[in-house]
Amino acid sequence: MPLYQIALTLVPGIGDVLGKKLVTYCGSAEAVFKEKNKLSIKVPRIGGKILEALADKSILQRAEKELAFLDKFRIRALFFLDNDYPSRLKNCIDSPVIIYYKGTADLNKSRIIGVVGTRNATDYGKDACHKIISGLAQDKIMIVSGLAYGIDSCAHRSALENNLETIGVLGHGLNMIYPSQNKRLAEKMTKNGGLLTEYISDTNPDRENFPKRNRIIAGICDAILVVEAAEKGGALITAEIGNSYNRDVFAIPGRINDPYSKGTNRLIRKNMAALVESAEDIRYLMGWEEQGKKPDGFQKKIFLEMTTDEKVLVEYLNLNGPSGIDDICINCKLSMGTTSAALLNLEFEGIVKSSIGKIYSLA
């Protein structure tokens, strides 16, 4: 029930990791609240302060207020166990228990690139950002960024100009847009993409929220492109998180005397990011250039030759997009062994591809 799912995130002392563990132990967010007196038995080393907080009626009252806000503005609350929750993000250990989403795009789209960089973007950086996103338009990717000044705004605008969906991940509640100058841009994004946050309404854009939101940008993507970055800043944090999630990280090189290229150059120098200069480089590194070149009739012929289990898996991935192996097993009602063997065979046939975290999608 969304009320209890939202309320769980409002309990002091319960973060994302513990929140998901509690739901696993108890079976649902509602059970965490209703069986709080049994938690000390079910959950090892749970503190008394958390048990006291779960009994605080004001938490459910605040959750009710949030539900009314979501309903009024047609915002969706996506719980980490929901099918619509981003599957890539779900596989990150510190992913949010719940995210709030206003938009039209599928958050499990087959190709998602995060674009990050300095707020003090130079003409060189903005031009490179625009050219690469324009060059990837044919690949029907989705662009994710943070709706900040500089490279973030450039990435979102370039995506919209090329009729690509784009998602802005916010460090505050959805009752506002920060910076306010991006309100019109944000409105356009909700019609061809969307806005995403883990924060409830009336949460201010406090400084500490932005490094935290960067893990969502990294987690929701297949790869991260760093366009321009100083020696320190959010773009480098996002790149580091991306590396920890085993995401591909790319960086555009810059002039050695440019302060806003020192970060990208260091990522390349330390082998934390691959050097890219064009959309073709990204297409090659992501393995997208050879896709779509199979002769007519190939897929039909292969489908006819599949086993029953393989057909079930292909049909599931076709309907649901990139999915974790656990979700595939549960929804297709197949054992882990059967699923793994069938997916491996489909990979050999070039019908299915796998990515980090045992995420599978149609090739």
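**Group meeting: a walk through one predicted model**

Let's start with one residue. R213 sits in helix α11, which covers residues 209-220. Keep that arginine in mind. One caution before we go on: this is a predicted model.

So what surrounds R213? Leave aside its neighbours within four places in sequence. R213 is then in contact with R119, G146, D152, V169, L170, G171 and E198. Is R213 buried or exposed? R213 is buried, and yet it has no salt bridge. The nearest side chain of opposite charge belongs to D152, at 4.2 Å.

Next, confidence. The mean pLDDT of the protein is 90. A value of 70 or more is reached by 94% of its residues. Where does pLDDT stay under 50? Look at residues 292-301. For that stretch, the model has four contacts beyond four places in sequence. Where pLDDT is low, the predicted coordinates should not be read in detail.

Now the sheet. How many strands form it? Nine, and the sheet is open. Read across it, the order is β1-β2-β6-β5-β4-β3-β7-β8-β9. The pairing is mixed. At the edges are β1, residues 76-79, and β9, residues 274-275. Each of these two pairs on one side only.

Find R76 on your screen, and you will see Y101 of β2 standing opposite.

β10, residues 323-324, and β12, residues 359-362, run antiparallel and are joined by two bridges. Here S323 faces Y360 in β12. β12 also pairs with β11, residues 352-355, again in the antiparallel sense, over four bridges. In that pair, S355 stands opposite I359.

On to the inside. The largest nonpolar core holds 72 residues. Which of them touch the most other members? They are I167, L196 and V226. Helix α1, residues 2-8, gives this core its largest share, five residues. A second, separate core has 26 residues, including L136, L225, V276 and M286.

Zoom in on I167. Residues up to four places away in sequence are not counted. Among the residues I167 touches are Y101, M142, H156, M189 and L196.

Last topic: the backbone. Most residues other than glycine have a negative phi, and most peptide bonds are trans.

First, Y178 and P179. A cis peptide bond joins them, with omega about 0°. P179 lies in the loop between β5, residues 166-169, and α10, residues 183-191.

Second, D202. Its phi is positive, about 70°, although D202 is not a glycine. D202 belongs to the loop between β6, residues 193-197, and α11. That is the helix that holds R213. D202 is partly exposed, with a relative accessible area of 46%.

Third, K333. This residue is not a glycine either, and its phi is positive, near 55°. K333 is in the loop between α17, residues 325-332, and α18, residues 336-348. Its relative accessibility is 73%, so K333 counts as exposed.

That's the tour. Questions, please.

Note on methods
Residues numbered from 1 in each chain as written. Predicted model: local features only at pLDDT ≥ 70, side-chain atom pairs only at ≥ 80, totals over all residues. Heavy atoms only, no water. Pairing = 2+ DSSP bridges. Buried < 20%, exposed > 50% of the residue type's maximum accessible area, 1.4 Å probe, protein only. Lys, Arg positive; Asp, Glu negative; His and termini not counted. Salt bridge = Lys/Arg side-chain N within 4 Å of Asp/Glu carboxyl O. Contact = heavy atoms within 4.5 Å. Core = buried A, V, L, I, M, F, W, Y, C linked by side-chain atoms within 4.5 Å. pLDDT = per-residue confidence, 0-100.
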